[in-house]
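Here's a quick briefing on the model shown below. Have the viewer open while you go through the points.

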Amino acid sequence: CSLSNCRKLTASSLLHLTSHSRDVCRGPGENAPDQDSFAKDNWIARLYADKLKGYSKGSRPVRDHTHNTTVYLALSLNYIDLDDERQELSVSAWSIMTWVDEYLTWEPKNYLNIDRLHFNDEDIWMPDITVYNSALGSDVHPFGRVPVLANNLGQTYWFPPTHLVVRCDLDLSKWPSDRHECLVRMGSWTYHGEQIDIQVMPTNTSNGVMMSNFEENNRWKLVEVSAARAITNLEGHDPYVEIDFTFVVQRQASTQATYISQSTLAILVVVLVSYALPLDCFFTRLIIHLLCMGMLISCYFTLFASLPANGGPIPLVVRYYSGTIILTAISLVCTLFLTTGGTCCSSTPTSNFGRKLVDIVGSTPGLRNVMPQQNYNHLEAEMVEEGERTNTESSSSQESSGITALQVKRVVNCLLLILFAIAFLLDYTVLRSIL
């Protein structure tokens, strides 16, 4: 019995009861709706009282205690949500339960042909179905308080609104394209399988789950949902029967994926473009690399703030950002060596040191008096001559080898451009595969 069919059945039965009671209580040509309604209510109250007379709601509704009670269970989903901070799956649904109550049978002809009746759920026996892995604790009842529909054959139907909250172990390694599988375990808390046999109720569309009233979630997509009957065997005890509802949900995060991929691509292109600048643009290359490093670090901390701290495996996108920051830092170091390598070794430390030493000796009165003036003048002249000769040789050497050094730097610059382009391309390909 599906939920829609049961609703139609209930509505049609009520219309049938109303029309029939009017025909019975109303004489030919009479029009007394108040009397008809009173008579019907009187018969319903009499039937209700007769069925609950001597009824024990604390025991299973079977005349032979060796027989079990079969309870069919299904869910009609309304809405789901997954809280990745608390790692909890929330399910809003209508539960569908049906069983046979052998004490709620009667002859309709004895009660104004009434063949269906609603009973208060506190007045009759109810299966103690609960959620084994509930995150709300055992004191919170997952089902709403609604009446129970029973027919004259003892077939009982219950459609309570249901709110389920269960723990779900999340694996965020593929965030923001992560997919999670959550399990809802429902079964009897008191009765074992020999007393209550819980079965999955077959529906028109699927086995145990109805999706006709389901509302889509913008953050989470319900990929798959299924219900399966499971038996738990405890050593030295009777087996317990439960129904396991499996929910497979996937995050819908196209905005985060676009933000991560496009911003990273723009930063990598800017870093590679810096290698196309002239070699003497040291400060321009340095500023470009520092700006890109700052943007990557800012994106890294923004991503860190948006990720839930669940203590699980490190998301691949975080590792990607770490690798990109390291590659950009290596590119910055290579740029520094490439653009400053020709100027850090062009000084003449020997001649400069000798000249400074002579200046110190000449400016100190005591040392200048000790050293003869002629010798000092001769030493100073030699130092000046040596400095001029060194400068001349250095300038001539730079003129003769300057073209070759520049070509080497250009070749190294091209090789670095190719290497970092390949590295960044592989890094971006890995990012796209994650997103």
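This is a predicted model, and its chain averages a pLDDT of 79, with 75% of the residues scoring at least 70.

**The chain overall**

- Count up the secondary structure and you get eight helices and 12 strands.
- Of the 435 residues in the chain, 39% are buried.
- Take the contacts with a separation of 6 or more, and 75% of them join residues 24 or more positions apart.
- The accessible surface comes to about 24400 Å², and carbon and sulfur atoms account for 58% of that.

- An unreviewed UniProt entry carries the annotation "transmembrane region" for residues 259-279, 286-307, 319-338 and 411-431.
- For residues 286-307 the figures are 95% helix and 0% strand, with 32 Å between the end C-alpha atoms.
- Helix H4 covers residues 282-306, 25 residues in total, and runs 37 Å from first C-alpha to last, close to the 36 Å expected at 1.5 Å a residue.
- The buried residues of H4 include Arg285 and His289, along with Phe282, Leu286, Ile288, Cys292 and Met293. Leu296, Cys299 and Leu303 are on that buried list too.
- Helix H5 (residues 316-340) has 25 residues as well, and its 36 Å reach is close to the 36 Å expected at 1.5 Å a residue.
- Among the buried residues of H5 are Thr324, Thr328, Ser331, Thr335 and Thr339, as well as Tyr320 and Tyr321. Val317, Val318, Ile325, Leu332 and Leu338 are buried in H5 too.

**Ser188, at the end of a strand**

- Ser188 belongs to strand S8, which spans residues 179-188.
- Is Ser188 buried or exposed? Its relative accessible area is 3%, under the 20% cut-off, so Ser188 counts as buried.
- The Ser188 side chain has a polar atom 3.1 Å from the backbone nitrogen of Tyr191, and one 3.4 Å from the backbone nitrogen of Thr190.
- Skipping neighbours within four places in sequence, Ser188 is in contact with Asp128, Ile129, Tyr132, Ile196, Ile198, Tyr240 and Val241.

- Most residues other than glycine have a negative phi, and most peptide bonds are trans. Here are some places to check against that background.
- Gln87 is not a glycine, yet its phi is positive, at about 60°.
- You'll find Gln87 in the loop between S1 and strand S2 (88-105). With a relative accessible area of 17%, under the 20% cut-off, Gln87 counts as buried.
- What does the side chain of Gln87 reach? It gets to the backbone nitrogen of Leu170, at 3.3 Å.
- Asn113 also has a positive phi for a residue other than glycine, near 60°.
- Asn113 sits in the loop between S2 and strand S3 (116-119). Its relative accessibility is 30%, between the 20% and 50% cut-offs, so Asn113 is partly exposed.
- The peptide bond from Trp175 to Pro176 is cis, with an omega near 5°. Pro176 lies in the loop between strand S7 (161-167) and S8.

- Ser59 is in the loop between helix H2 (33-52) and strand S1 (69-83).
- At 34% relative accessibility, Ser59 falls between the 20% and 50% cut-offs and so counts as partly exposed.
- Where does Trp125 come in? Ser59 and Trp125 are 66 residues apart in sequence, but their C-alpha atoms are 7.0 Å apart in space.

Notes. Residues are numbered from 1 along each chain as its sequence is written. This is a predicted model: local features need pLDDT of at least 70, side-chain atom pairs count only at pLDDT 80 or more; totals for chains, interfaces and linings use all residues. Side-chain values use heavy atoms; hydrogens and water are left out. Helices (H or I, at least four residues) and strands (E, at least two) are DSSP runs, numbered from the N terminus. Buried means under 20% relative accessible area, exposed over 50%, partly exposed in between (1.4 Å probe, protein chains only). A polar contact is a pair of N or O atoms within 3.5 Å; within protein, one must be able to donate a hydrogen and the other to accept it, and residues adjacent in sequence count only if both atoms are side-chain atoms. Contact means heavy atoms within 4.5 Å. pLDDT is the predictor's confidence in each residue, from 0 to 100. UniProt positions are given in the numbering used here, feature names are shortened, and annotations may be inferred rather than shown by experiment. The expected span of a helix is 1.5 Å times one less than its number of residues. Accessible areas come from the Shrake-Rupley method with a 1.4 Å probe; for residues, only the protein chains shown count as cover.
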